[in-house]
Amino acid sequence: MILMLIGIGFIGWVLFHISKYRSLKKWRVVEGVINNYSTETYEESQVYVKVEMIRPIIQYTYEIEGQKYTGTKITLEDYSLKSPPDSNSYSWPSFKQNQLHTMYVNPANPNNAVLINNILPYRVNHYAALSIVGIFLILLGVYLSYV
């Protein structure tokens, strides 16, 4: 029984996060300008060591009904945008300064905007793996209940 509950918890967690991305489809689409784009190196604790990682730093402006806003978020899950500095490819797209870009703005809170309204490919894999684990836990729980 406990395995089934844990499996349902995994799937519920995944569905909760996916629903946040689905709600982005209703957000307002505006054009804005990327004012600053760079990367920042920082140290991150992993188990017993600190490793050097890199993450994007971005600032953009957009205008809604004559009022200017500033944003810094690329996706809903900015905390996951990190990579080793010697990586050949980063988990986020590249942006150019002083370039127009489409932005997605929360209609309920114009201060809340993101540049990407889809789940990034590596996050899709993350959610798929968690869903599969959840399904296996549910099936294992059902199997053990009837054996």
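How many bridges join strand 4 to strand 5, and do these strands run parallel or antiparallel?

Reply: Three bridges join strand 4 to strand 5, and the two run antiparallel. Before we go on: this is a predicted model, where local features need pLDDT of at least 70 and side-chain atom pairs count only at pLDDT 80 or more, while totals for chains, interfaces and linings use all residues. Residues are numbered from 1 along each chain as its sequence is written, and side-chain values use heavy atoms, with hydrogens and water left out. Strands here are DSSP runs of E with at least two residues, helices are runs of H or I with at least four, and both are numbered from the N terminus. Two strands count as paired if DSSP finds at least two bridges between them.

Back to your spot. A hairpin takes strand 4 into strand 5 through two residues. Asn106 faces Asn109 of strand 5, and Tyr104 has Val114 of strand 5 as its bridge partner. Strand 4 also pairs with strand 1 (residues 28-46): seven bridges join them, again antiparallel. One of the partners there is His101 of strand 4, which bridges to Gly32.

Zooming out, these strands belong to an open sheet of five with the order 3-2-1-4-5 and antiparallel pairing. Strand 3 and strand 5 (109-114) are the edges, each pairing on one side only.

Now the run-up to strand 4. The loop between strand 3 (67-71) and strand 4 (99-106) holds Trp92. Trp92 is buried, with a relative accessible area of 6%; buried means under 20%, exposed over 50% and partly exposed in between, using a 1.4 Å probe and protein chains only. Setting aside neighbours within four places in sequence, its contacts (heavy atoms within 4.5 Å) include Tyr37, Thr39, Ile54 and Leu81. Ser80 is 12 residues from Trp92 along the chain, and their C-alpha atoms are separated by 9.5 Å.
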